[in-house]
Amino acid sequence: MASKKKDEIISEASPHTIKKFELIEAYSEAWAHKLLEYGLRTGNCNGIVFIDCMSNSGMYKEKGIENLVEGTPIRVARKLAATMREANYQNQQAWLYFNDLDPKKIEELEKHLPPNTHNFHIETSVRDGNELLKDIGKQLNTQLKINYLLVYDPYEAAIDWSALLPFIRNWGEVIINHMVSDSIRAVSQATRPQTISKYEQTYLTRIEELIDFGSDRFAFEQRIQDIIIEIKGTDAKRYYIASYPFFNTQNTVVYNLLHCTSSKVGFGLYKSTAWKTFGGK
């Protein structure tokens, strides 16, 4: 995860974070082509929506080098803008939503985004990312034949499942960044009510039980996957979760990037994209 200070517009990105950018960029492009082609064949996809509700400024300093590197929103926006310029997709639509709590970060991000066109639309906002998702979630409608890809990328182990629920249950695909290193380091030390509430909300588990997890990252990771399955509920469709650990230079897992979907095709596409992104490792 990129380091974050409240007064920083351009944060520092470690090598594992840059790999995360590359994976989401590559998958979003492959996802868009797959769905738009599906729509051309069947008429069941009129458009796509990409949401990054915690997007930061889109620009980062590469750790140890100070080179500027582009983050997820800029990379994805550029790829999808190019996709929507392709001749085959002129009658389909793409909407991108980028949001951050800091207006200065959004101001910086907007400097680097491609322009809107008749079939490519970017909306930026400054608000709580969970509230944005709740508002979008209320507008979901199967009759519109729109497919969603949501990136949920908090800077700590803080997940609002009520915001994710509509997308997990019915609509498209969700990529969740689970900051397991935060939980391993801080759960046992949590004393402030606000901090305890954060972890209890993230894991839907009492703090006493979470403390019993100790430094067992697999216990925290499994709890997140169990929650996803629980809130998905039972229906005729299978649900697929792919979880990839990201390591720092000390070979310690910093976070897991989880891809959640009801689509077997999407599940396979994400796995193959991750394989290529990491050079077959």
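Residues count from 1 along each chain as its sequence is written. In this predicted model, local features need pLDDT of at least 70 and side-chain atom pairs count only at pLDDT 80 or more, while totals for chains, interfaces and linings use all residues.

**Exercise 1.** Work out which strands stand at the edges of the open sheet of 3 strands, and what packs on that sheet.

Solution. Start with the order, β1-β3-β4, with mixed pairing; strands are DSSP runs of E, at least two residues, and helices are runs of H or I, at least four, numbered from the N terminus. Two strands pair if DSSP finds at least two bridges between them. β1 (11-13) and β4 (68-70) each have a single partner strand, so they are the edges, with one side of each left without a neighbour in the sheet. Now check a pair: β3 (residues 59-62) and β4 run antiparallel, joined by 3 bridges, and Y60 sits opposite V69 in β4. Last, helix α1 (residues 15-42) packs on the sheet, touching β1, β3 and β4, where contact means heavy atoms within 4.5 Å.

**Exercise 2.** Find which element gives the largest share of the lining of the second largest pocket.

Solution. First, list the elements that each supply at least two lining residues: α1, β7 (146-152), α5 (161-169) and α10 (264-277). Then pick the top contributor: α1, with 6 residues.

Notes:
Heavy atoms only, no water. Axes fitted to C-alpha atoms, helices over the stretch in contact; angles between N-to-C directions.
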